[in-house]
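Keep the picture beside you as you read.

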Amino acid sequence: MNDEKLMRVALKQAQKALAKDEVPVGCIIVRENKIIARGYDKRESTNDPTAHAEIIAIRKASKKLGTWRLQDCDLYVTLEPCPMCLGTAILARIKRIIYGTENPKFGAITSIINLLHSKWNHKMKVTSGILNEQCSEILKRYFKNKRHNQQE
């Protein structure tokens, strides 16, 4: 499968978050061209600030593989990871991160800071901008609706 097809699967996870009134961020983890884990944001429903799509997917992948080392896995996420999620991906030894749109408030790869330019012993590849418009649009609609509902 190519990056666009896999990002569409991550977008389906974001749609699930949206349907549950969560911030619509979706993530999948791929190993050997197979999806091994999926996740979407659940901070509101769990009252857990760590319940980001990436953290949920990494936990599921680690459990499925029986190891915390995910060095042969790629992580697809609709929004540029925050410092917590990128740090977790680094610690999990994710091989490559593929994200859809930039995160202007918390992005830890290009938007606010670049944690990958540190002296970590693990280096990962990054691909950005995959289905950027679709990934950006779902977030814009969500926050526009939130603001509209608060004004009522």
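## A strand and its partners

In E2, glycine 39 is the bridge partner of cysteine 27. This is a predicted model, where local features need pLDDT of at least 70 and side-chain atom pairs count only at pLDDT 80 or more, while totals for chains, interfaces and linings use all residues. Residues are numbered from 1 along each chain as its sequence is written, and side-chain values use heavy atoms, leaving out hydrogens and water.

Strand E1 covers residues 26-31 and strand E2 residues 34-40; they pair in the antiparallel sense over six bridges (two strands pair if DSSP finds at least two bridges between them). Together E1 and E2 make a hairpin with two residues between them, and glutamate 32 in the turn has a positive phi of about 50°. E1 also pairs with strand E3 (residues 73-79), again antiparallel, over five bridges. There, arginine 31 sits opposite cysteine 73.

Why is E1 largely enclosed by the rest of the structure? Because five of its six residues are buried (under 20% relative accessible area, with exposed over 50% and partly exposed in between, using a 1.4 Å probe and protein chains only).

## The whole chain

The chain has five helices and five strands, running α-β-β-α-α-β-α-β-β-α from the N terminus. Both kinds of element are DSSP runs numbered from the N terminus: helices are H or I with at least four residues, strands are E with at least two.

Of the 152 residues, 47% are buried. The C-alpha atoms fill a box of roughly 50 × 30 × 30 Å, taken along the principal axes.
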